[in-house]
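Hello,

Here is the structure you will be taking over. My notes on what was found in it follow below.

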Amino acid sequence: MFEKIKAINSEWGEDWKFSNYYYYFGDVYHHTGNHKKEAKKFENGLKIFPDNWWLLFFQTRCAISQQGDGSKATKSVRNLIEVAKEQGHSPKQIEVELGELYLQANSLDKAEEHFRNALQLNPLNSEVMSSLASFLINSDRNVDEGMKLIKTALEISPANETLLWAQGLGYYKEGKYEEALSLLKAAKDSTLFVHPTLDRQIQNVKNALPRQK
């Protein structure tokens with residue numbers, strides 16, 4: 001579909017000045033492993049939207065995915081941080097964003113480092129707890145620690161759908177399928193958005209229940 005949009009743009013003889021086109025198209029290239037085209041798409045988008053933080057974020061993710069801690073990736077990370085500061089992102093927010101950046105680039109040690117930095121900056125912030133806990137549970141790095149963080153965070157924000165989702169996934173990984181199903185359904189009922197990943201996890205729990213019984 002994006003290639004069709006690209007063809008129409010060529011027929012018009014000009015670039016489409018719509019930022020979503022560039023970072024969604026680039027994101028598709030990322031997930032299909034075509035990093036050369038991904039990098040070019042973000043480069044073209046940033047020529048039109050030089051201060052678009054999300055385009056910079058995805059461009060940096062692309063660089064890390066290809067180079068790890070290479071010079072180009074390091075320079076891109078530094079630039080992303082500077083732009084974030086200029087746009088008023090808090091230190092805690094920047095650390096969470098960097099955690100998500102490295103997570104998406106599959107650099108899990110760096111992701112954990114930044115999620116933990118964010119928690120040190122705001123140890124009682126339920127959203128930060130959720131970010132670290134979700135990471136620890138989803139990546140199977142420390143499910144027990146993640147569940148403890150979720151329990152503390154839920155005392156602060158008991159109806160938070162993201163926390164319910166993370167706790168439900170944690171119960172699933174602990175083999176507590178009925179508890180997991182209840183919480184994942186509650187998370188789904190609490191959101192107005194479509195979450196294919198959540199739907200898939202709910203189905204996984206449903207499939208596991210008969211085996212447990």
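Trp-53 and Phe-57 are both buried; please keep in mind that this is a predicted model. The two residues belong to helix α4, which covers residues 53-67, and because they are four residues apart there, about one helical turn separates Trp-53 from Phe-57. Their ring centres lie 5.4 Å apart and their planes meet at 40°, so the pair counts as tilted. The angle falls in this class because stacked pairs have planes under 30 degrees apart and edge-to-face pairs over 60.

A second pair sits in helix α4: Trp-54 and Phe-58 are also four residues apart, about one turn of the helix. Here the centres are 6.0 Å apart and the planes are at 40°, so this pair is tilted too. How exposed or buried are its members? Trp-54 has a relative accessible area of 44% and is therefore partly exposed. Phe-58 has a relative accessibility of 10%, so Phe-58 counts as buried; the cut-off for buried is under 20%.

Ring pairs join Trp-53, Trp-54, Phe-57 and Phe-58 with Tyr-23, Tyr-24 and Phe-42 in a cluster. Over the whole structure, the search gives 16 aromatic pairs.

Lys-110 is placed over the face of Tyr-102, 5.5 Å from the ring centre.

Next, the nonpolar core. The largest one contains 56 residues, and those with the most contacts inside it are Ile-64, Leu-101, Leu-132, Leu-149 and Ile-150. Which residues does Ile-64 touch, leaving aside its neighbours within four places in sequence? They are Ala-73, Val-77, Leu-101, Tyr-102 and Ala-105.

Finally, the protein as a whole. It has 12 helices and zero strands. Its 213 residues include 41% that count as buried. Among contacts with a separation of 6 or more, 46% are between residues 24 or more positions apart. Along the principal axes, the C-alpha atoms fill a box of roughly 60 × 40 × 30 Å. The accessible surface is about 12300 Å², and carbon and sulfur atoms account for 51% of that surface.

Regards

Conventions. Residues numbered from 1 in each chain as written. Predicted model: local features only at pLDDT ≥ 70, side-chain atom pairs only at ≥ 80, totals over all residues. Heavy atoms only, no water. Phe/Tyr/Trp six-rings, centres within 6.5 Å; stacked < 30°, edge-to-face > 60°. Buried < 20%, exposed > 50% of the residue type's maximum accessible area, 1.4 Å probe, protein only. Lys NZ or Arg CZ within 6 Å of the ring centre and 35° of its normal. Core = buried A, V, L, I, M, F, W, Y, C linked by side-chain atoms within 4.5 Å. Contact = heavy atoms within 4.5 Å. Areas by Shrake-Rupley, 256 points an atom, 1.4 Å probe, with all protein chains shown as cover.
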